[in-house]
Structures are given as C-alpha cells and as structure tokens.
Amino acid sequence: METETATRWLTDAEQCAWRTHLEVNKLLTYQLERDLQPFGLTMNDYEILVNLSESEGLRMRMSDLAAATLQSKSRLSHQITRMENADLVRRENCESDRRGLYAVLTDHGLETMKKVAPHHVASVRRHFIDLLPPDDLEHLHKSLRPIAEHLRSQRGKP
C-alpha cells in the first residue's frame, strides 16, 4: 500500500519570509565579500582566520576546521594551500596521529586578522546590525536559534 502525502505549499506570508531571507542572505554575503576584497581575502579566508585566531594555540586539526567551516576536507585542503601561499597559515603534522594535520595561523595571518577584523566588524554593523533596533536583533536571534540547532543536528544525515 502506497502512502501519499500532500505537499504543504507555502502560504503567501511564508513564501514572502522565505524569499526575503534568501535575498538578504545573498546580498549580505555579496556585500561582505566586496568589503573584504581590498584586503585580498574572501569570506572563506576570513572564516578560517577567525576560527584559527580563536583556537587554543592558534591551530586546529584540519578535520575540525573543515567541520567548523562546513567545507569538505578536499575543498579545505585547496583553500589552505592558497592561504599557505599567501603566508596566512601553515600546516603542521599531528604528533599523536600521523595521518592528522593542523592548520596553524602564521604571524602574518594573525597580523592580517588584527588589521582586517575592525573593517569587517564595521561592515557587519553597517550592513546588518545597525539597521535593526536592539529588540528586533534579540527577536531575530531567538527566531533563528531553533533553525540553527535543527540544521546542526541534521549534519551528516542523508
């Protein structure tokens, strides 16, 4: 016996909210990327630098960094190679696991973070934070938190 489920189409209000979310996400990502271009960085570069700068010893296992940045290990490896060529990061072997590698923030990478971070924060403020009243920001956070938790729980599931 075949069970058929009816498609729950989006209401006009749901579709409007969904499409606005998609548009804001794309436009904001585009603008933040543009604002990083003068520093020769992409959003992926910046995200990696942030993760490494906030990690103990300014280093992370490559597998953990791939998970934190939602990249495949292969894609992250190519990204790290490009960032190594710019002297932002380096790879180091993991002594406890011969197959494991660390991505490590270089002195130049740390200086780059210190130089770029104030500009990036100003961009985030200009294009997102300062456009919403504090109560709306709090409400937005409360609204998005269950979605983020759900999506984190779905990672790795087919």
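Lys142 is partly exposed, with a relative accessible area of 47%; in this scheme buried means under 20% relative accessible area, exposed over 50%, and partly exposed in between, with a 1.4 Å probe and protein chains only. The structure is a predicted model, in which local features need pLDDT of at least 70 and side-chain atom pairs count only at pLDDT 80 or more, while totals for chains, interfaces and linings use all residues. Residues are numbered from 1 along each chain as its sequence is written, and side-chain values use heavy atoms, with hydrogens and water left out.

Lys142 has a charged partner in Glu138, and the closest N and O atoms of this salt bridge are 3.3 Å apart. A salt bridge here is a side-chain nitrogen of Lys or Arg within 4 Å of a carboxyl oxygen of Asp or Glu. Both Glu138 and Lys142 belong to helix α6 (residues 134-154), where four residues, about one turn of the helix, separate them. Helices (H or I, at least four residues) and strands (E, at least two) are DSSP runs, numbered from the N terminus. Glu138 counts as partly exposed because its relative accessibility is 45%.

Elsewhere, salt bridges that share partners join Arg59, Arg90 and Glu92 into one network. Within this group, Glu92 pairs with Arg90, their closest N and O atoms being 3.0 Å apart. Glu92 is partly exposed at 21% relative accessibility, and Arg90 is partly exposed at 37%. Another salt bridge brings together the side chains of Arg91 and Glu84, at 3.1 Å from N to O. Arg91 has a relative accessibility of 24%, so it counts as partly exposed; Glu84, with a relative accessible area of 27%, is also partly exposed. By the salt-bridge rule, the count comes to eight.

Next comes the packing of two helices. Helix α2 (residues 43-53) and helix α4 (residues 73-85) pack at an angle of about 85°, and their axes are 11 Å apart. That angle makes α2 roughly perpendicular to α4. Axes are lines fitted to C-alpha atoms, for helices over the stretch in contact, and angles run from 0 to 180 degrees between N-to-C directions. Angles under 35 degrees count as roughly parallel, over 145 as roughly antiparallel, 65 to 115 as roughly perpendicular, and the rest as oblique. On the α2 side, Asn44, Asp45, Ile48 and Leu49 meet Arg75, Leu76, Gln79, Ile80, Arg82 and Met83 of α4, where contact means heavy atoms within 4.5 Å.

Two loop residues deserve a look for their backbone. Leu58 is not a glycine, yet it has a positive phi of about 55°. This leucine, Leu58, sits in the loop between α2 and β1 (59-61), and its relative accessible area of 26% makes it partly exposed. Asp87, in the loop between α4 and β2 (89-94), likewise has a positive phi, near 60°, in a residue other than glycine. Asp87 is partly exposed at 42% relative accessibility.

Finally, there is a nonpolar patch on the surface. Leu10, Trp18 and Leu22 form this patch, with about 280 Å² of accessible area together. Patches are made of residues with over 30% relative accessible area and no salt bridge, with like charges joined within 9 Å and nonpolar side chains (Val, Leu, Ile, Met, Phe, Trp, Tyr) within 5 Å. Accessible areas come from the Shrake-Rupley method with a 1.4 Å probe, and for residues only the protein chains shown count as cover. Leu22 lies in helix α1 (residues 12-36).
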